[in-house]
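Please consult the sequence and the coordinates alongside the text.

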Amino acid sequence: MPRRFILGLSLVLALGGAAPAAAQTPPGAPAPPLFATTKITDTVYLFRYGGHQAIFVVTPAGVIATDPIGYLRPQAVTTYLDEIRKITPAPVKYVVYSHHHYDHIAGGKPFKDQGAVFIAHRNARLHLEQLKNPDVVMPDEVVDSSRVLELGGVKLELHYVGRNHSDNSLVMLLPSDKLLVTVDFIPIQTVQFRDMPDGFLPDWFDSLDRVLALDWDRMIPGHPYAGGRLGTKDDVRELKQYMTELSDTVRAAANQGKCFDAAMKEIKLPKYEKWGNYDQYLPGNIERFCEYWGRGY
Ligand SMILES: [Zn+2]
């Protein structure tokens, strides 16, 4: 594994992200950079701060940014804006929320102060209106099934692909670059987060099929999984395979009365033991499928 990947992974660990837990920074190794901006296409930039990622799309008429990733760290947002400013003087016109979880969307006020219009799925706004977190900017506009944002000659499609890791995930597709952004529901070569909190079964599987049906060949995730590389359709198929094998295995265990504790202790899926967070979160993933197959919810 290249050294920079090991460093990247350990940074994510240090910051509590959902990326692979297998690697550690070698003793005495220099600290990895706190943030980085990477040009992906002529118009698209990937911004990483700690263990979270967002993109911004630069057009002559302004910028479309995604998740502010500023939860409990306003410096991430000011850095995000500084990084955009290094590339273009154009204003940020839109901020698109991937879903309503705070670790991705809190801290957006500096974008709002510049006049950006905030967009999210309708269910995200419903949750946020109930939660009233003072550090979360309320969406100005909502999306139901899909919407195309057009700015400065660039099209960004927003698609709702059903319930998965939340009931309000929007995926973002740049058709000209066949580039897709998904956040949290498609970890790359990494097991799902903890007990898949706020997640929906069996809808999640349908959601993966809907993502596969879209026309793209590279996927940017909301965390730097698998050394920070972009994802492919094979990664989505592999994740679906993992979740299917987990589901089948837990279903059999549930039918033998092993849910929850015995199943969580006994079930192993060695085929995936090299995946990120396998040791840490496999029991939580099993717990979620135990609820589904052993309790019916
Ligand atoms: Zn989330």
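Ile69 lies in the loop between β4 (62-66) and α2 (74-87); helices (H or I, at least four residues) and strands (E, at least two) are DSSP runs, numbered from the N terminus. The model is a predicted one, in which local features need pLDDT of at least 70 and side-chain atom pairs count only at pLDDT 80 or more, while totals for chains, interfaces and linings use all residues. Residues are numbered from 1 along each chain as its sequence is written.

Although not a glycine, Ile69 has a positive phi, near 45°. Ile69 has 28 other C-beta atoms within 10 Å and is therefore buried (20 or more such atoms within 10 Å, with C-beta atoms placed from the backbone; exposed is 12 or fewer, and partly exposed in between). Asn277, in the loop between α8 and α9, also has a positive phi, of about 65°, without being a glycine.

Two cis peptide bonds may be considered next. One joins Leu201 and Pro202, with omega about 5°, and Pro202 belongs to the loop between β11 (179-182) and α6 (203-213). The other runs from Cys259 to Phe260, with omega near 5°; Phe260 is placed in the loop between α7 and α8 (261-266).

Finally, the helix pair: Leu246, Ser247, Val250, Arg251 and Ala254 in α7 meet Asn285, Ile286, Phe289, Cys290, Trp293 and Gly294 in α9, where contact requires C-beta atoms, placed from the backbone, within 7 Å.

Notes. Contact = placed C-beta atoms within 7 Å.
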